[in-house]
Amino acid sequence: MLEKLLPNIYRIAVPLPEHPLRTVNSYIITSKERNLVIDTGWNRLESAEELLNGLDEIGIPLSRTDLFLTHIHADHAGLTRLFKHRGTTLFCGREDLARMDHYLNISQDKSWKLLHDLARPHGFPMGEIEAALAIHPGNRYAPAADSTFTAISNKDVIRVGDYN
């Protein structure tokens, strides 16, 4: 569902099917030069359709749209792939980038190994750990592939049209 909040600022309620939160807010700031999407939703067809339909309704092309992730949980970063290879700048906080493997599960699978290592000594059966991790939304709906991000820090400014 698309909602206009202020001049050139919109919100799309991106669905998170089968999750108690039901939606994640994706904010869009538009301008004549570049646009900015803030957060994306899960890497699921339903989420992608709603986000893309909202962007289409606003009338902004992905080729002129950058992405800012407030943090890198899968419900906020899952659709990063939609913005990859389109001349898009992908912004993310420096601290989140330092933990990218943990949340996006994109390289050596360090986070899931860590969970195994923590659960095993406490008596969790390995089969149950594997099953739980296989259905965990952070694992199932994370971005399909890694991307190159521009790290931002406190006091960095991103300007989009009349907004900072």
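Helices (H or I, at least four residues) and strands (E, at least two) are DSSP runs, numbered from the N terminus. By that rule Tyr 27 lies in strand β3, which covers residues 23-29. The model is predicted, so that local features need pLDDT of at least 70 and side-chain atom pairs count only at pLDDT 80 or more, while totals for chains, interfaces and linings use all residues. Residues are numbered from 1 along each chain as its sequence is written, and side-chain values use heavy atoms, with hydrogens and water left out.

The protein chain holds 7 helices and 7 strands, in the order β-β-β-β-α-β-α-β-α-α-α-α-α-β from the N terminus. Of its 164 residues, 43% are buried (under 20% relative accessible area; exposed is over 50% and partly exposed in between, with a 1.4 Å probe and protein chains only).

The largest nonpolar core has 26 residues, among which Ile 28, Leu 51, Leu 55, Leu 69 and Phe 83 touch the most other members; such a core is a set of buried Ala, Val, Leu, Ile, Met, Phe, Trp, Tyr and Cys residues joined through side-chain atoms within 4.5 Å. At least two residues of this core come from each of β2 (9-15), β3, α1 (45-58), β5 (65-69), α2 (74-77) and β6 (90-93), and α1 gives the most, with 4 residues. A second, separate core of 8 residues includes Leu 36, Ile 38, Phe 91 and Ile 152. In soluble globular proteins, nonpolar side chains tend to be buried together.

Tyr 27, by contrast, is partly exposed, with a relative accessible area of 32%.
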